[in-house]
Structures are given as C-alpha cells and as structure tokens.
Amino acid sequence: MPNVTRADAVAAVRNPLAFIAARWTPTPRTVQRAALAALVMSVVIVVTGGAVRLTGSGLGCPTWPKCTDDSLTATSAMGVHGAIEFGNRMLTYVLCAAVGWAIIAARSEKPYRRSLTRLGWAQFWIVMSNAVLGGIVVLVGLNPYTVAAHFLLSSALIAVATVMWQRTREGDAAPRPLVGKAVQQLVWFLVAASALLIAVGTVVTGAGPHAGDSSEVERMPLDWENVTKLHAVLAWIVVTLTFALWFVLKAVDAPKGPLNRTRDLFLILLAQGAIGYVQYFTDLPEILVGLHMLGSAVTWIAVLRVMLALRERPEAELPDLPVQSYEATSASIAGPR
C-alpha cells in the first residue's frame with residue numbers, strides 16, 4: 001500500500017475529486033456504467049415514490065427531516081406506512097451515491113471532459129432540491145401542487161441523467177445532424193408534447209383518488225374525468241407524432257439509429273397506453289397505477305433518446321499535434337463512435 005504523506009492528506013481534503021482523478025483513470029465502460037447507474041436510480045426513486053403514494057404512506061413519517069418529532073427513523077409503532085415512507089427516504093442516499101459515482105468517474109476520465117462533470121453535478125443539485133421539496137411536501141400535508149412539482153423535478157433528473165448516459169458514449173466534437181431541419185423540428189414538437197403529457201399526468205394524479213394518505217388530503221379542484229380525457233388526447237397526439245416521425249425517417253432513408261429508437265418509442269407508447277386504458281376502466285388498481293408511473297419514466301427516456309439520436313458527436317481531434325502524427329488515423333477519429 002503506497003504511503004500517504006501529509007501533503008497528500010491536505011490535497012485530498014481540499015479537493016477530493018482532483019485527488020482521486022490524479023490516482024485513478026476509469027475505463028470508458030466504467031464511466032458509462034456509472035452514468036447508467038445514476039439513470040436507473042433516478043427511475044427507481046420515481047417508482048418507489050409512487051409506491052409511497054399508492055400504499056397511503058405519504059405521511060408515514062409525519063414530519064421532516066426527522067421521521068417524527070422525537071425520532072430520526074421510523075418506529076415499530078408507526079407500522080408498515082412508516083417503514084415504507086422511511087425506506088423511500090433512505091433510497092435518496094442510494095441515489096446520491098449513484099450520482100456521486102457518476103461525478104467521480106466523469107471527473108477522473110482521461111482526457112478530462114468538463115461537459116460530463118457538469119451533467120453529473122446538475123444531477124446532484126436536482127437531487128438535493130428535490131429532497132428539500134419532498135420535505136416540504138410532507139410538511140404541507142401532501143398538497144397536490146407540491147406533489148406534482150416533486151414528480152416534475154424527478155422527470156428533470158431523468159432527463160439530465162439520460163443526456164449524461166448518452167454523452168458518455170460520444171465524443172466531444174461539435175454535433176453533426178443526421179437528419180434535415182424539418183425532421184428536427186418534428187422531434188422538438190414530439191418532445192414538447194411528451195413533456196406536456198407528463199405535466200398533465202401529474203394533474204390527473206392530483207385530482208384523482210390516490211391522495212397518498214388515508215387521512216383527508218387536499219385534491220386539485222378539477223373534474224378528474226375531464227382531465228383524464230385531456231391526458232388521453234395528449235397521449236394520442238404523442239403516438240401520432242411518433243408514427244409520423246417513423247414514416248418520415250423511413251421516407252428520407254434516415255440512418256438506423258433514429259429509426260430504431262423511434263420504433264422502440266412507438267412500442268413503449270402502445271404498452272403505456274394499454275396500461276392507461278386498463279387502469280381507467282378497472283377503477284385505478286394500485287399495481288397498474290404503479291406500472292403506469294414506471295411507464296411514464298421509461299417513455300420520457302425513450303423520447304429523449306430519439307431526440308439525441310438525430311445527431312452524432314465524433315471524437316474531438318487532439319490539439320497542438322503535428323498533422324503527420326495522426327494522418328493515418330484521421331478517418332477513425334472523424335467518424336462516429
């Protein structure tokens with residue numbers, strides 16, 4: 001084991017990320033796995049948060065940051081609801097660990113890629129903000145507007161984690177579009193419609209019967225049936241845009257990447273729609289509502305992957321190198337990874 005000097009210890013305290021980066025170089029696969037782990041945990045925290053709501057455990061821990069006024073953790077007297085709510089809070093630390101691993105791996109990669117590290121830190125600050133917002137949700141008695149904001153911030157976390165995962169498998173050169181301007185605009189309409197679909201979905205939940213706790217919890221003063229129908233119309237708009245995009249990509253002989261991801265999105269939307277209609281006509285059983293929440297996260301990831309598939313980022317050329325030293329490999333450097 002190498003000796004750690006006093007100077008090393010001081011350096012580690014002052015800048016632990018730089019200290020680790022100077023002594024460890026992760027492989028590209030390690031960085032990709034770290035980014036994927038952060039993405040998976042961002043989905044897991046959404047699903048477990050849904051489980052808290054669907055089991056009526058939203059106030060299982062009635063205060064925050066402690067579980068009760070006298071205890072940091074759930075007690076046996078609080079029963080299963082306290083255990084579920086406290087367990088979800090503990091998963092936030094697992095999410096923090098996954099995001100932390102992604103930050104450390106990105107910071108330690110050689111050559112250093114500032115864009116990846118920034119995406120990792122963006123996830124960290126979103127997690128911290130959402131943890132505080134989650135505490136506010138408890139303190140205000142599961143107010144539906146704060147619950148909706150809590151879910152939307154989780155969707156923002158998923159978006160940043162998806163972008164980081166994609167960027168770990170690309171270079172740092174300027175992006176090159178693989179399709180024309182009209183197709184790019186169609187995809188932006190698809191992304192906007194999907195974001196609106198998710199936002200309206202939070203309103204459906206806020207006006208619906210699953211309040212998150214067995215006590216009297218405030219609901220959004222809206223007609224649940226009408227909001228649900230609006231949500232269904234938006235879902236069909238997203239499905240239609242996805243099918244139109246696939247048709248256009250096929251017509252212009254687009255690369256396989258955008259085509260395959262559009263096909264995957266279409267299949268995911270069909271499955272998500274089937275779950276949505278079944279849960280609507282079966283009076284919203286908890287297990288189906290939970291699956292629909294998982295489907296919402298997976299759908300959002302699929303939409304973002306379609307958007308990211310419309311361009312490629314090759315490896316950036318190394319600066320200050322003589323031309324003759326890399327002429328033989330310039331083709332591989334310029335091409336997509």
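Predicted model: local features only at pLDDT ≥ 70, side-chain atom pairs only at ≥ 80, totals over all residues.
How exposed is Val298? Its relative accessibility is 32%.

Now the helix around it. Helix α10 runs over residues 286-308. That gives α10 23 residues. From first C-alpha to last, α10 reaches 33 Å. The expected value, at 1.5 Å a residue, is 33 Å, and the helix comes close to that.

Is α10 mostly enclosed or mostly open? Look at the residues: 17 of the 23 are buried, so α10 is largely enclosed by the rest of the structure.

Back to the surface. Val298 belongs to a nonpolar patch there, together with Val47, Ile287, Leu291 and Leu294. Together these residues have about 370 Å² of accessible area. Which element gives the largest share of the patch? Helix α10, with 4 residues. A word on helices in general: an α-helix has 3.6 residues a turn, so residues three or four places apart point the same way.

Next, the cysteines. How many disulfides does a search of the whole structure find? The search finds 1. The partners are Cys61 and Cys67, with sulfur atoms 1.9 Å apart. The angle about the S-S bond is -75°, and the link is left-handed. Buried or exposed? Cys61 is buried, and Cys67 is buried too.

One more cysteine to look at: Cys96. Its relative accessible area is 22%, so Cys96 is partly exposed.

That's the tour. Questions, please.

Definitions and conventions
Residues numbered from 1 in each chain as written. Heavy atoms only, no water. Patch = residues over 30% accessible without salt bridge, like charges linked within 9 Å, V, L, I, M, F, W, Y side chains within 5 Å. Areas by Shrake-Rupley, 256 points an atom, 1.4 Å probe, with all protein chains shown as cover. Salt bridge = Lys/Arg side-chain N within 4 Å of Asp/Glu carboxyl O. Helix = DSSP H or I, 4+ residues; strand = E, 2+ residues; numbered from the N terminus. Buried < 20%, exposed > 50% of the residue type's maximum accessible area, 1.4 Å probe, protein only. Expected span 1.5 Å × (residues − 1). Disulfide = S-S within 2.5 Å.
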